[in-house]
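Please examine the sequence and the three-dimensional structure shown below.

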Amino acid sequence: MVYVDLLVIQDLIMNYLVILSTGILLNRVTKFHKVFLSSVTGTIPIIFLFLNINKILILIILFFFAIIMSMLAFKYNDLIYTLKNCFYMYLISIFIAGSIYLINTMILPSIDSYILNVVLLIFLTPIITTIYIKSIKHIKVNYSNYYKVDIYFKDKPKITVNAFLDTGNLLSDPYNHKPIILVSQDIIDITNEKIILVPYQTIDNQSLIKCFSPQKIYIDHIGYRKRVLIGLIDGINIEGANCLLNKKLLERN
């Protein structure tokens, strides 16, 4: 016997836990009303389980709704971002559902499975919610070091980069003492730019970095800066960042 009301509640709580767990795992920050809206949307496919529909079509419908749930909860940045969210949502849902199935069949087989599932999910909800709230606080502290930066050129369109405030980046050219921000060279067209070589020193050696002077840059919530150099590097190993910001640029001019 299927209790439709319990099935919907079970699915709603399951969706809620999956979305929060995905947020914890992937460091996604969202708001609880978006999580709730996404969870409610995820219960709609239950309707198709009671219809005589091809299983492959049901899988397509479920995947379509997973994409919608991801976009509602975590918004849409790009296709890879959304597909990654969906992939981990599926992994987490398989883990939670498998764990509950194990408890149903191996530990408490005599209790009605629908009621037990709802009870277990209700038990897990405050635990995962608490973990998520703590992770959000950690993420917000970390992501407070991220800035949007517009780089303006004299004869080319501006580009926007995701900058991470690197407190260890105190680079400046030894001649005019302009602070240097480091940008992945694959996102900048340096055609017609006057390149200068600026020496810098690491722990074990010395080297030269290619730099040029932009017309100006704009740091979100900070303002415009003109006395700055752009240093070109191969890549930046910080998630979501393609620029390392210089701490000096956050000081008042």
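Two residues are said to be in contact, or to touch, when they have heavy atoms within 4.5 Å of each other. The model is predicted, so local features need a pLDDT of at least 70 and side-chain atom pairs count only at pLDDT 80 or more, whereas totals for chains, interfaces and linings use all residues. Residues are numbered from 1 along each chain as its sequence is written, and side-chain values use heavy atoms, with hydrogens and water left out.

Leaving aside residues up to four places away in sequence, L17 touches I96, L121, L124, T125 and I128. L17 also belongs to the largest nonpolar core, which has 20 residues. A nonpolar core is a set of buried Ala, Val, Leu, Ile, Met, Phe, Trp, Tyr and Cys residues joined through side-chain atoms within 4.5 Å. Buried means a relative accessible area under 20%, exposed means over 50%, and partly exposed lies in between (1.4 Å probe, protein chains only). Among the residues with the most contacts inside this core are L17, V18, I19 and L20. Which helices supply at least two residues each to the core? They are α1 (4–26), α4 (55–74), α5 (79–107) and α6 (113–143). Helices (H or I, at least four residues) and strands (E, at least two) are DSSP runs, numbered from the N terminus. Helix α1 gives the most to this core, with 7 residues. A second, separate core has 19 residues, including I188, I230, L232 and L249.

Helix α5 also contains N85. This residue is buried, with a relative accessible area of 0%. The side chains of N85 and R28 are joined by a polar contact of 2.9 Å. A polar contact is a pair of N or O atoms within 3.5 Å; within protein, one must be able to donate a hydrogen and the other to accept it, and residues adjacent in sequence count only if both atoms are side-chain atoms. Not counting residues up to four places away in sequence, N85 touches T22, L26, R28, S70 and F74. Another helix, α2 (residues 32–41), holds V40, which is partly exposed at 33% relative accessibility. The C-alpha atoms of V40 and V8 are separated by 9.2 Å, and the two residues are 32 residues apart along the chain.

The strands form the next topic. Strands of a sheet pair through backbone hydrogen bonds, either parallel or antiparallel. Here, two strands are taken to pair if DSSP finds at least two bridges between them. An open sheet of 9 strands has the order β4-β5-β8-β3-β9-β2-β1-β6-β7, with mixed pairing. Strands β4 (196–201) and β7 (223–225) stand at the edges with a single partner strand each, so one side of each has no neighbour in the sheet. From one strand to the next, the twist averages 35°; axes are lines fitted to C-alpha atoms, for helices over the stretch in contact, and angles run from 0 to 180 degrees between N-to-C directions. Strand β6 (residues 216–219) runs antiparallel to β7 and is joined to it by 3 bridges. Y218 stands opposite Y224 in β7.

Side chains of opposite charge can pair when their charged atoms come close. A salt bridge is a side-chain nitrogen of Lys or Arg within 4 Å of a carboxyl oxygen of Asp or Glu, and the count comes to 3. D150 forms one with K158, with the closest N and O atoms 3.5 Å apart. D150 is buried at 14% relative accessibility, while K158 is partly exposed at 43%. D155, K156 and E193 are linked in a network of salt bridges.

Finally, the backbone deserves attention. Most residues other than glycine have a negative phi, and most peptide bonds are trans. K75, although not a glycine, has a positive phi of about 60°. K75 is found in the loop between α4 and α5 and is exposed at 52% relative accessibility. H177 likewise has a positive phi, near 60°. H177 lies in the loop between β2 and β3 and is exposed, with a relative accessible area of 56%.
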